[in-house]
Amino acid sequence: MIENISYKDNTEAKKWEVKLTGEIDIFNSDDVKSALLEMLSEKEQNVHIDCKELSYIDSTGLSALVAIFKKVKAYSGEVVLKNLLPNVFKVIKITNLDKLFIIEGDDNE
């Protein structure tokens, strides 16, 4: 598993709990996307992504998240982004991705 992503299956809540840390950029976004798609191939369920420790995301990282969104929407699931830091939330908002994802967390609800 790559160093800036971890996930676990919460069978009881029927969701994947994902934690992103550090930076998601051109250097690792393909790895993040592959890891998440592999996770979804194991079990199709909702995805809740904790971004509390995600300090930076660029357009390639956003593209990886959109790919996950499309995969989850294909089976009528939902993707929730939680605990976005202000700079990450700003990128999500500027790109209008806050209209795709469910956003939860202290400052962003």
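On the outward side of helix α3, P86, K90 and I94 are exposed, that is, over 50% relative accessible area, where buried means under 20% and partly exposed falls in between (1.4 Å probe, protein chains only). Helices here are DSSP runs of H or I with at least four residues, strands are runs of E with at least two, and both are numbered from the N terminus. The buried residues of α3, which covers residues 86-94, are V88, F89 and I92. Looking down the axis of α3, these buried residues fall within an arc of 100 degrees, so they line one face of the helix; the arc is taken from the directions that run from the helix axis to the C-beta atoms. The background is simple: an α-helix has 3.6 residues a turn, so residues three or four places apart point the same way. The buried residues of α3 pack against β3 (46-57), α2 (59-74), β4 (79-82) and β5 (102-104), with contact meaning heavy atoms within 4.5 Å. Just after α3, N96 takes a positive phi of about 65 degrees.

A word on the model itself: it is predicted, so local features need pLDDT of at least 70 and side-chain atom pairs count only at pLDDT 80 or more, while totals for chains, interfaces and linings use all residues. Residues are numbered from 1 along each chain as its sequence is written, and side-chain values use heavy atoms, with hydrogens and water left out.

Zooming out, the protein has 3 helices and 5 strands, and from the N terminus on the elements run β-β-α-β-α-β-α-β. The radius of gyration is 13 Å, close to the 13 Å that the globule rule gives for 109 residues, so the protein is as compact as a globular protein of that length. That radius is taken over C-alpha atoms, and the rule is 2.2 Å times the number of residues to the power 0.38. The C-alpha trace spans about 30 × 30 × 20 Å along its principal axes. Buried residues make up 42% of the 109 residues. Of the contacts with a separation of 6 or more, 69% come from residues 24 or more positions apart.

Next, the charged side chains. The structure holds 5 salt bridges, each being a side-chain nitrogen of Lys or Arg within 4 Å of a carboxyl oxygen of Asp or Glu. One of them joins D9 and K43, at 2.7 Å from N to O. D9 sits in strand β1 (residues 5-10) and K43 in the loop between α1 and β3, so this pair ties together parts that are 34 residues apart in sequence. D9 is partly exposed at 30% relative accessible area, and K43 is partly exposed at 29%. Elsewhere, K8, K15 and E17 are linked in a network of salt bridges. Within it, K8 meets E17 at 3.6 Å, N to O, and the closest N and O atoms of K15 and E17 are 4.0 Å apart. E17 is partly exposed, with a relative accessible area of 24%, whereas K15 is buried at 17%.

D25 tells another story. This residue lies in the loop between β2 (15-24) and α1 (29-42). D25 is buried yet has no salt bridge, and the nearest side chain of opposite charge, K33, is 15 Å away; for charge, Lys and Arg count as positive and Asp and Glu as negative, with His and the chain ends not counted. Not counting residues up to four places away in sequence, D25 touches Y56, D58 and T60.

E53, in strand β3, is partly exposed at 43% relative accessibility. Leaving aside neighbours within four places in sequence, E53 is in contact with K19, L20, T21 and G22. E53 and K90 are 37 residues apart in sequence and 15 Å apart in space, C-alpha to C-alpha.

Finally, the rings. The structure holds 2 aromatic pairs, where rings of Phe, Tyr and Trp (its six-membered ring) pair if their centres lie within 6.5 Å, and planes under 30 degrees apart count as stacked, over 60 as edge-to-face and the rest as tilted. Y7 and W16 pair edge-to-face, 5.6 Å centre to centre with 85 degrees between the planes; W16 is buried, at 3% relative accessible area. F69 and F101 also pair edge-to-face, at 5.5 Å centre to centre and 70 degrees between the planes. F69 lies in helix α2 and F101 in the loop between α3 and β5, so the pair ties together parts that are 32 residues apart in sequence. Both F69 and F101 are buried.
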